Amino acid sequence: MGLENLKQLTPFIKEAFQQTLLVAKFLCGIHVTNSYICTFALTQGPSMLPTFNLTGDLVLAERLSTRFEKMQRGDVVLVRSPENPRKIVIKRLMGMGGDTVRYVVDHANNGIEHTIVVPDGHVWIEGDNKFNTNDSRNFGPVPYGLVQGRVFWIVSDSSLF
């Protein structure tokens, strides 16, 4: 009796295995896409005002430009925070390795300017809101390896959430 039951269950077992394999392939595809091609990110905070809303925007960032070193000054990028590696920050790329960057140290005071040459293998990032941002003016040049992607599309603004 047990062998006949097993023969009756064989089509169901095959179907379950095929469906499980299909779901596993789908999840692997999502992982590869998110890790190597493009990813979604939610912006929060005042550092990129007025480019992004204070309450948050959903953006799409591609990861190929960072891998093939096709980043340009002025690009908005996702960067793993050099101060807290668990956080991803969104800033504007202001300088690449070898560039000379001039920046104001403290806008609130007399606006003293400093000049720095960005070391090779590093980038200089700044928030668009110069008065309320934590960026390279605070922690210096960021290793290029911490750049995670380039924002290319604002999917939706916070009014849709």
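So, Ser47: leaving out residues up to four places away in sequence, it touches Ile90, Lys91, Gly127, Asp128, Asn129, Asn132 and Thr133, where contact means heavy atoms within 4.5 Å. Bear in mind that this is a predicted model, where local features need pLDDT of at least 70, side-chain atom pairs count only at pLDDT 80 or more, and totals for chains, interfaces and linings use all residues. Numbering runs from 1 along each chain as its sequence is written, and side-chain values use heavy atoms, with hydrogens and water left out.

Where does Ser47 lie? In the loop between strand E1 (38–42) and strand E2 (57–62); strands here are DSSP runs of at least two residues, numbered from the N terminus. Ser47 has 13% relative accessibility, so it counts as buried, meaning under 20% relative accessible area with a 1.4 Å probe, protein chains only.

Now its partner. Lys91 is found in strand E4, and at 4% relative accessibility Lys91 counts as buried too. The side chains of Ser47 and Lys91 are joined by a polar contact of 3.0 Å, that is, N or O atoms within 3.5 Å, one able to donate a hydrogen and the other to accept it.

UniProt, in an unreviewed entry, places "active site" at Ser47 and Lys91; such annotations may be inferred rather than shown by experiment.

Note on methods: Helix = DSSP H or I, 4+ residues; strand = E, 2+ residues; numbered from the N terminus. Buried < 20%, exposed > 50% of the residue type's maximum accessible area, 1.4 Å probe, protein only.
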